[in-house]
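I opened this notebook to record, entry by entry, what I looked up in the structure shown below.

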Amino acid sequence: MILNIAAYLFVAIDDADALADRLRVRAEGDGLRGSMLVTPEGLNLFLAGTEASLRGFLDWLREDPRFAALHAKESWSEAIPFAKLKVKRKHEIIAFRREHASPLEAGQRAPAVDPPTLARWIAQGHDDAGRRLVLLDTRNREEVGFGTFQDALTLPIDNFTELPAALAPHRDALRDATVVSFCTGGIRCEKAALWLRHDGMDNLLQLEGGILGYFEQVGGLGYDGRCFVFDARVALDPRLAPLADGAAVA
C-alpha cells in the first residue's frame, strides 16, 4: 500500500530557495511523488510513496526545529496518485492576496474548533452556548460538487481569492451564528478565518485539520458525499478510501 500525506505549516522561512532545492533532492532520493510548495510563510505538502520512505522523509524534515510541529494527515491507496514530483517556490502557501491573512503577520492563529467538538455541535444543532451553527465552505464550486457538510453555506467561486466578495452578501445574516469555516486540509479556512475576523467577523472559527482531519478523527457525521483531492484519487470518502485508485499518468 502507498501512504499519502497532506501537511502544511505556517512558519517563517528565510531560505526558501535553498530549502526547496534540499527538499527536492531528499524527496527524489526517497522515491516520493507529489507537490511541495515552499514559501516565506511556510510549507504546503501533498506527497505519496512507500510508508518507510515517506515517514523517513517526514522525520528528516522535522529534524529542522522550524518544522518540528508539522502534522501530516494520512490516507492510503494501492497506487501512487501523482505522476511526478513537483517542488515550487511560491509567495503564499495558498494564494489569497490579502493582508492580515497569515498567522505570521497576525502573530496568532484564528480560533479553531476540533473535529470531535464540531461533530457534537452538528449532532445537537448548535454550539455549546446554544448559538445556531453555520458551516462555511471555503472551497470552489468544483470541489463542493463532490460533497460538503449538510446545509453548509457554499459560495459560487472558482478561486479562493473570490471568497471575500462572494461572502459579503451573507455577512449580516450570519451575525447571530457561530460560523465554522472549513476546507480540504485546513489552509484555506485558516487564512479565511484570520482575514474575516480582522474584517470584523468575530463569530468565525476554523475547523482544525479541515475535512480530511474531520474524516480521520470523526468519520462522516454530518457530511454528504466525498472530499475532492487534487490528485488521481479524485476524491476520498469519510473512510478516506479513494474514488479512483490507479497510478497517475504523466
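**Entry 1: Phe57.** I listed the residues in contact with Phe57, setting aside its neighbours within four places in sequence; they are Leu23, Arg26, Ala27, Asp30, Leu32, Met36 and Leu47. I note at this point that the model is a predicted one.

**Entry 2: the largest nonpolar core.** I then asked which residues of the largest nonpolar core touch the most other members. Phe57 is among them, together with Ile5, Met36, Leu43 and Leu47, in a core of 26 residues. I looked up which elements give two or more residues to this core, and found strand S1 (2-10), helix H1 (16-29), strand S2 (33-39), strand S3 (42-49), helix H2 (51-62) and strand S5 (85-89). The largest share, five residues, comes from H1.

**Entry 3: an open sheet.** I traced a sheet of four strands next. The sheet is open, its order is S6-S10-S9-S7, and the pairing is parallel. Why is one side of S6 and of S7 left without a neighbour in the sheet? Strand S6 (112-113) and strand S7 (132-137) stand at the edges and have a single partner strand each, so one side of each has no neighbour there.

I also examined one pair within this sheet. Strand S9 (residues 177-182) and strand S10 (residues 204-207) pair in the parallel sense, over three bridges. Ser181 stands opposite Gln206 in S10. Helix H4 (residues 115-124) packs on the sheet, where H4 touches S6, S7, S9 and S10. I recorded the angle between the direction of H4 and that of S7 as about 125°.

**Entry 4: the largest pocket.** I looked up the volume of the largest pocket, which is about 960 Å³. Its lining counts 45 residues, and the closest to the pocket centre are Leu37, Asn44, Phe46, Ile94 and Phe230. The elements that give two or more residues to the lining are S1, S2, S3, strand S4 (72-77), S5, helix H7 (187-198) and helix H8 (210-217). Which element gives the most to this lining? I found that S1 does, with five residues.

**Entry 5: helix H8.** H8 is mostly covered, with six of its eight residues buried. The buried residues of H8 are Gly210, Ile211, Leu212, Gly213, Tyr214 and Phe215.

Conventions:
Residues numbered from 1 in each chain as written. Predicted model: local features only at pLDDT ≥ 70, side-chain atom pairs only at ≥ 80, totals over all residues. Heavy atoms only, no water. Core = buried A, V, L, I, M, F, W, Y, C linked by side-chain atoms within 4.5 Å. Buried < 20%, exposed > 50% of the residue type's maximum accessible area, 1.4 Å probe, protein only. Contact = heavy atoms within 4.5 Å. Pairing = 2+ DSSP bridges. Axes fitted to C-alpha atoms, helices over the stretch in contact; angles between N-to-C directions. 1 Å grid on protein atoms, 1.4 Å probe; cavity = no way out; pocket = protein on both sides within 12 Å on 5 of 7 lines; lining within 4 Å. Points joined across faces, edges and corners; volume = space filled by probe spheres on them.
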